[in-house]
Amino acid sequence: MPFTLKPFERKMLILIILCLSIVLEGTSQTQPKVLVAAQPENAGFSSQRLSRLDTAMADWVKKQWINGSVAMIVRKGKVVFHKSYGYNDLNTRQPLDKNGIFRIASQTKAITTVAAMMLWEEGKFSLEDPVFKYIPAYKIVAVLKDFNAKDSTFTTVPAYRPITIRDLLNHTSGLGYPAIGTPEENAIYAKSALTGGVGTKNQKLSEAMTKLAGLPLFFQPGQKWKYGLNTDLLGYLIEIWSGMTLEEYFSKKIFKPLKMNDTYFNVPKEKSSKLVNFFQEDSTGLHQQASVFGGTLNLNFPLEHTDYFSGGGGLSSTITDYAVFLQMLLNGGQYNGVRLLSRNSVRMMTMNQIGDLSVGENKFGFGFSIITENGSRLGPSQAGTYSWGGVFSTTYWVDPKEEMIVLLYRQVWGPHVTDTDKAFKPLVYQALND
């Protein structure tokens, strides 16, 4: 006898099926994403419109704007674009490897910030703790008053209050940056042999960060936002809190759990061929460089063993490794069954942490620039997008509203690097098709 349902029963069954489908769909959407290659259409992109990006990136090489670049686009955990263009060696025409190891410089800062927040979750410190609680040399700090450019002497006034851990995380401490700061910062730090930490030799992080305490701040703590040595000092604090070197902590607590197998302070000898060459453009074209900053920085620094672990700029990595790190953040602190942070710690890192202080149109969280609603009018990224980059021309952003991660890696300096930046972002967003 065939099974039949009464009209009322049929309606109830349909309603149950609909409810179950909604629940299952919602569950699948909230599952932490793991990177997997996919067709663009499976993540709301148009292959046809992405071809515009493909053409443009190839064109940058033809125009000799840059020697080459690597890009990756991830949406909802799906890698819809991962390509390299151009050359790692312009003489031999060796292609640029999309899995090459790049000097990521200040992209190190986000990893250092995650490490600090992991230790904060363990109760190792409070965000409002003064730095001097852990490094006594910071008990008394002073602020620059007058500076004599002729001999780099200066006068100071007392700081109104101590530097806190929160000040370091959001760059409001008053610390400056060697070599890339103001003339006063550059001169004062150079006189004391303090560096930005990249390629530093014959120094210990503990000694440098203790020496830093005796030099002036460049504004009263908490009164301004200024990019400075905050994250290098935070890196030293991580060593104190954890009892490990920063290299050991990163490797054990972040890189190995996330399987970031090509991210290092010291790139192993067996992987030296993966380190990408660096180029600079001048009036005669693009040229491979062995050193920069007037010859003071040997660009082979990732291959020359160092014990100075700069939390502000010392790492080298692949675009895929860093995409995994960013996907962990977009997932609310977890990736592939491994949780590094709670979702509320990630929320704190990626929201305005500087109040009414100004960073142009946008704000700053812990380790990231944050696009505001007002700032979002200037480009296609949604409000809440967080980002940063590195001095050797690597950059990334995470757009949570679009569930999207985008990275663009280059190793080149020159006037046309900015042109590629300006063209890249619109070409990514115009390809969205959902």
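Colleague: Is Asp434 buried or exposed?

Modeller: Exposure is read from relative accessible area, with buried meaning under 20% and exposed over 50%. This model is predicted. Asp434 has 64% relative accessibility, so it counts as exposed.

Colleague: Which side chain does Asp434 meet in a salt bridge?

Modeller: A salt bridge needs a side-chain nitrogen of Lys or Arg within 4 Å of a carboxyl oxygen of Asp or Glu. Here the partner of Asp434 is Arg75, at 2.5 Å from N to O. Arg75 sits in strand β2 and Asp434 in the segment after α11, 359 residues apart. Arg75 counts as buried because its relative accessibility is 4%. Glu402 joins Arg75 and Asp434 in a network of salt bridges.

Colleague: How many salt bridges are found in the whole structure?

Modeller: The search gives 13. One of them pairs Glu185 with Lys226, with the closest N and O atoms 2.7 Å apart. Glu185 belongs to helix α5 and Lys226 to the loop between α6 and α7, so the pair ties together parts 41 residues apart in sequence. Glu185 is buried at 1% relative accessible area, whereas Lys226 is partly exposed at 22%.

Colleague: Which residues of helix α6 are buried?

Modeller: In α6, residues 205-212, they are Leu205, Ala208, Met209 and Leu212. Down the helix axis, these buried residues fall within an arc of 90 degrees, so they line one face of α6. Their cover includes α5 and α7.

Colleague: Where is Ser69, and what does it touch?

Modeller: Ser69 is in strand β2, residues 68-75. Its relative accessibility is 0%, so Ser69 counts as buried. Beyond four places away in sequence, the residues Ser69 touches include Trp60, Tyr85, Leu96 and Arg410.

Notes
Residues numbered from 1 in each chain as written. Predicted model: local features only at pLDDT ≥ 70, side-chain atom pairs only at ≥ 80, totals over all residues. Heavy atoms only, no water. Helix = DSSP H or I, 4+ residues; strand = E, 2+ residues; numbered from the N terminus. Buried < 20%, exposed > 50% of the residue type's maximum accessible area, 1.4 Å probe, protein only. Contact = heavy atoms within 4.5 Å. Arc of directions from axis to C-beta.
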